Amino acid sequence: QAKEKDVPYFIYSPESDLISERRIKLALDLANAIRNNELELYHQPQLFSNQTHITPSELLIRWKHPLYGFISPDEFVMIAEETGLINHLTTWVITRAAKHAKALVTFGIHDFHFAINVSAHDLSKDGFCHEICNIFKRHNLLTNQFTLELTETTHSLDSETFNKNLFDLSEAGFNLAIDDFGTGYSSLTYASDHPFDDIKIDKQFIQDFFNSEKHQAIVKATITMAKNLDLNVTAEGIEDGVTLELLKELGCDKLQGYYIAKPMPFNEYLKWRSPNFET
Ligand code: C2E
Ligand code: CA
Ligand code: CA
Ligand code: CA
């Protein structure tokens, strides 16, 4: 099965040669990038609306390609999924996240909560839960300080392996979230029938929140129903103070967006959380 191999494989696509060329180059370079430490894990600080003592963050991968410069994860994560490199990438992300968490603990900082993005492809892999639990165990970390964010996709969402991993991760203590909620196929029924704890409302509903009565109505209804189903709600893409206050009032549990802070390297994140911190 090509998907399980480390070597990228290619599916014919009718795009222009230039785009294909870039994609092929990126696919080939990505394997090396993982090995050569061209990747970095940024932190975007978040806020819990009712727990001021915990400073959560979402971890977002960055790739500085020697030729193309910074490449959006939206572009290369998809390539990684298509070529089967995603499992490597996710293992790298989780190992790096565990190292960051371990560094905080070593500095005596315990009030963190990291949200990590995983792919549906990862959960479709046998033993995924076991593999990542081992990484966290090796670093002596508590799983309940981590949220795993999963973007809804049509494929594999109800395969046996996928559901077993989901269940095992929940049992292992991870907080599980559906990312980009409202844009894809998942519904609140799906969320509550599976061991999810959170939904993360997609930023497209938040970005023109103030101007869009329609988006306000959708978000309001989503929050109300989510609460009745015992799901926590995160809002991302908050770019102004008015939207932040409105979302707090509506009962969002976790808030994220450029208005609060942009994604930043780990060192800057340390200074952001404790301005007197010296690295
Ligand atoms: P996402 O998980 O939905 O992440 C949120 C994206 O919104 C991030 O883009 C973040 O920088 C951006 N963002 C945050 N606040 C604001 C805001 O106020 N306004 C606007 N316009 N954007 C905001 P980024 O870092 O480019 O990541 C894009 C996507 O790539 C992510 O979407 C996620 O699906 C994927 N991704 C990123 N890191 C990882 C990773 O480590 N593993 C996996 N599997 N996917 C990742
Ligand atoms: Ca996410
Ligand atoms: Ca999202
Ligand atoms: Ca996304």
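Colleague: Which helices and strands do the buried residues of helix 6 pack against?

Modeller: In this predicted model, the buried residues of helix 6 have partners of both kinds. The strands are strand 5 and strand 6. The helices are helix 4 (120–123), helix 5 (128–138) and helix 7 (188–193).

Colleague: Which residues of helix 6 are buried, and why do they line one face of the helix?

Modeller: An α-helix has 3.6 residues a turn, so residues three or four places apart point the same way. Seen down the axis of helix 6, the buried residues fall within an arc of 100°, so they line one face. On the other side, Glu160, Lys164 and Glu171 are exposed. The buried residues are Phe162, Asn165, Leu166 and Leu169.

Colleague: What distance does helix 6 reach from its first C-alpha to its last?

Modeller: Helix 6 covers residues 160–171, which is 12 residues. At 1.5 Å a residue, a span of 16 Å is expected. The helix comes close to that expectation, reaching 16 Å.

Colleague: Is Leu166 buried or exposed?

Modeller: Leu166 lies in helix 6. Leaving aside neighbours within four places in sequence, Leu166 is in contact with Leu123, Leu150, Leu176, His194, Pro195 and Phe196. A residue counts as buried under 20% relative accessible area. The relative accessibility of Leu166 is 2%, so this residue is buried.

Colleague: Which residues are the protein donors of the calcium ion (ligand 2)?

Modeller: The protein donors lie 2.1 to 2.3 Å from the calcium ion (ligand 2). Along the sequence, the donor residues are spaced E-x58-N-x31-E-x29-D. They are Glu58 (OE), Asn117 (OD1), Glu149 (OE) and Asp179 (OD).

Colleague: How many residues apart in sequence are the parts that Glu149 and Asp179 tie together?

Modeller: Both Glu149 and Asp179 are buried. Glu149 lies in strand 5 (residues 146–151) and Asp179 in strand 6 (residues 175–181). The pair therefore ties together parts that are apart in sequence by 30 residues.

Colleague: Which residue coordinates both the calcium ion (ligand 3) and the calcium ion (ligand 2)?

Modeller: The calcium ion (ligand 3) is coordinated at 2.0 to 2.4 Å by Asp179 (OD), Asp180 (OD) and Glu236 (OE). These donors follow the spacing D-D-x55-E along the chain. The two calcium ions, ligand 3 and ligand 2, are 4.3 Å apart. The residue that bridges them is Asp179.

Terms used:
Residues are numbered from 1 along each chain as its sequence is written. Chains are lettered from A and ligands numbered from 1 in the order in which they are written. This is a predicted model: local features need pLDDT of at least 70, side-chain atom pairs count only at pLDDT 80 or more; totals for chains, interfaces and linings use all residues. Side-chain values use heavy atoms; hydrogens and water are left out. Donors are N, O and S atoms within 2.8 Å of the metal (3.2 Å for Na, K and Ca); water is not among the atoms, so sites may look incomplete. Helices (H or I, at least four residues) and strands (E, at least two) are DSSP runs, numbered from the N terminus. Buried means under 20% relative accessible area, exposed over 50%, partly exposed in between (1.4 Å probe, protein chains only). The expected span of a helix is 1.5 Å times one less than its number of residues. The arc is that of the directions from the helix axis to the C-beta atoms. Contact means heavy atoms within 4.5 Å.
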